[in-house]
Amino acid sequence: MVAFRIETHIANLRQIKKPSTEQRILILLYDKTDRTPKEDRDLKALIRSEKAQEAVKEAKAKASEAKARSSKIAKRERDAKDKERTHNLIQSAGLLILAGLVDSKTGNPTWDKGELLGALASMAKAEINDTKRQEWKEKGDALLAGEK
């Protein structure tokens with residue numbers, strides 16, 4: 001927290017084009033050398049008010065900075081998740097290329113899109129035994145290793 005110095009604050013208030021009524025009174029009372037006890041109390045109350053308002057401004061600035069930092073963190077997290085998802089989608093497309101279902105140069109399916117989607121949808125819903133899955137896995141692992 002920045003220390004509140006009334007002398008500095010008064011100098012800053014003098015630079016304001018349109019100070020508030022309270023700020024004008026504060027300046028007048030601060031400049032007055034023969035203040036009454038009531039004027040001294042009023043001056044102290046106005047100084048407390050200005051200090052409180054400065055503290056609020058400082059707290060708002062800190063809150064704004066903290067919010068900006070947290071927004072950056074959240075954006076980095078979203079970007080990282082998006083990047084990972086994109087990477088996974090590209091890897092999935094690579095599997096279709098390795099299987100010969102997508103042309104690696106054009107990115108177009110080698111089968112009719114409807115046929116390919118129908119075949120993949122049927123495979124996703126098919127009840128496949130563990131032996132067949134293991135056979136597919138071995139063949140897939142070989143393709144991934146570049147053995148063919």
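## A walk along the helices

Start by selecting D79 and K75: their side chains meet in a salt bridge, with N and O 2.9 Å apart. Keep in mind as you click around that this is a predicted model. Both D79 and K75 sit in helix 3, four residues apart, which is about one turn of the helix.

Next, select D42 and K38. Here you'll find a salt bridge whose closest N and O atoms are 2.8 Å apart. D42 and K38 are four residues apart in helix 3, so about one helical turn separates them. D42 counts as partly exposed, at 31% relative accessibility.

Stay in helix 3 and pick E50. Is E50 buried or exposed? E50 is buried, yet it has no salt bridge. The nearest side chain of opposite charge belongs to K57, and that is 6.4 Å away. Which residue does the side chain of E50 make a polar contact with? Show H9: a polar contact of 2.5 Å joins its side chain to that of E50.

D130 and E50 are 80 residues apart in sequence, and their C-alpha atoms are 77 Å apart in space. D130 counts as exposed, with 64% relative accessibility.

While you're in helix 5, select K137 and D141. They form a salt bridge, the closest N and O atoms being 2.9 Å apart. These two are four residues apart in helix 5, so they are separated by about one helical turn. Both count as partly exposed: K137 at 46% relative accessibility and D141 at 36%. In total, the model has 10 salt bridges.

Last stop: select L95, L98 and L144. Together they form a nonpolar patch on the surface, with about 290 Å² of accessible area. Click on L98 and you're back in helix 3, which runs over residues 37–98. L98 is partly exposed, with a relative accessible area of 41%.

Methods:
Residues are numbered from 1 along each chain as its sequence is written. This is a predicted model: local features need pLDDT of at least 70, side-chain atom pairs count only at pLDDT 80 or more; totals for chains, interfaces and linings use all residues. Side-chain values use heavy atoms; hydrogens and water are left out. Patches are made of residues with over 30% relative accessible area and no salt bridge: like charges are joined within 9 Å, nonpolar side chains (Val, Leu, Ile, Met, Phe, Trp, Tyr) within 5 Å. Accessible areas come from the Shrake-Rupley method with a 1.4 Å probe; for residues, only the protein chains shown count as cover. A salt bridge is a side-chain nitrogen of Lys or Arg within 4 Å of a carboxyl oxygen of Asp or Glu. Buried means under 20% relative accessible area, exposed over 50%, partly exposed in between (1.4 Å probe, protein chains only). Lys and Arg count as positive and Asp and Glu as negative; His and the chain ends are not counted. A polar contact is a pair of N or O atoms within 3.5 Å; within protein, one must be able to donate a hydrogen and the other to accept it, and residues adjacent in sequence count only if both atoms are side-chain atoms.
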